[in-house]
Amino acid sequence: MSLPATVSASELQDPHEGAPVFLDVRTPVEFGISHIPGSINAPLALIEKHTRQIGQLLPRDTVVICRSGARSTRAAELLASAGMTSATVLTGGIDAWRDAGRTVRTGRESWDLERQVRLTAGSLVLAGILTSTVAPRAKWFSGAVGAGLVFAAVSNTCAMGQLLSALPHNQRDHVTLADVTRQLA
């Protein structure tokens, strides 16, 4: 499968009537922290469960957004597998949008998923190293965490991120298929 088409922040206008739909696939918590005004939140997990239904709701011109581009690429690939081949990915995600001086609406302060992954992975590695001073075999725990991070980078997936996104504090602003349908109608 070929990679989805991409578009840079400088090539796009802020969302308005007649502009492409901006589909933000980050978690609801991340979306609440900051998002492009006028964008619609449809978390990647929701797209994974309802690819065909969401793909049928989206107009031909859709720009898929996440924090840096990995999740939006995955979402665009899923949508393409359901027949929607015209979705483009915002290169660099909302970070690139913000860096280009574009409008971003900010909300409550919270840690985004990537920061949570870094904290968790770093804490696990540190705990493994400290524990290995009294139980030398604990070093392999740190090695396993490191191997998981390498696999996450190579496969462009993140099991730890998926696990963390299921925690209650990351589920407080749950988005459903009905919510996405209502916003796209």
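How many residues does helix H7 have, and how far does it reach from its first C-alpha to its last? Here are some notes to go with the model.

1. First, the ground rules. This is a predicted model, where local features need pLDDT of at least 70, side-chain atom pairs count only at pLDDT 80 or more, and totals for chains, interfaces and linings use all residues. Numbering runs from 1 along each chain as its sequence is written, and side-chain values use heavy atoms, with hydrogens and water left out.

2. The overall picture: the protein has 9 helices and 7 strands. Helices (H or I, at least four residues) and strands (E, at least two) are DSSP runs, numbered from the N terminus. The C-alpha trace spans about 65 × 35 × 30 Å along its principal axes. Of the 185 residues, 41% count as buried; buried means under 20% relative accessible area, exposed over 50%, and partly exposed in between, with a 1.4 Å probe and protein chains only. Look at contacts (heavy atoms within 4.5 Å) between residues at least 6 apart in sequence, and 73% of them join residues at least 24 apart.

3. Back to H7, which covers residues 139-155. Its 17 residues reach 24 Å from first C-alpha to last, close to the 24 Å expected at 1.5 Å a residue; the expected span is 1.5 Å times one less than the number of residues. Ser142, Val145 and Ala152 are the buried residues of H7. Seen down the axis of H7, these fall within an arc of 80°, so they line one face of the helix; the arc is that of the directions from the helix axis to the C-beta atoms. That buried set packs against helix H6 (113-132). Turned away from the buried side is a face with the exposed residues Trp140, Val150, Phe151 and Val154. After H7 comes Asn156, whose phi is positive, near 60°.

4. With 12 residues, H4 reaches 17 Å from its first C-alpha to its last, close to the 16 Å expected at 1.5 Å a residue. Its buried residues are Ser72, Thr73, Ala75, Ala76, Leu78 and Leu79. They pack against strand E2 (21-24), H2, helix H3 (51-57), strand E5 (62-65) and strand E6 (88-90). Just after H4, Gly83 has a positive phi of about 105°.

5. Now the largest pocket, with a volume of about 980 Å³. On a 1 Å grid over the protein atoms alone, a pocket is an open set of points where a 1.4 Å probe fits, with protein on both sides within 12 Å along at least five of seven lines; lining residues have an atom within 4 Å of a point. A volume is the space filled by probe spheres set on the points, which are joined across faces, edges and corners. Of the 35 lining residues, Leu44, Arg71, Leu113, Gly161 and Gln162 are the closest to the centre. H2 gives the most to this lining, with 5 residues.

6. What classes of residue make up that lining? The largest pocket has 16 nonpolar, 10 polar and 9 charged residues. Ala, Val, Leu, Ile, Met, Phe, Trp, Tyr, Cys and Pro count as nonpolar, Asp, Glu, Lys and Arg as charged, and the others, Gly among them, as polar.

7. The second largest pocket holds about 150 Å³ of space. H7 supplies the largest share of its lining, 5 residues. By class, that lining has 8 nonpolar, 2 polar and no charged residues.
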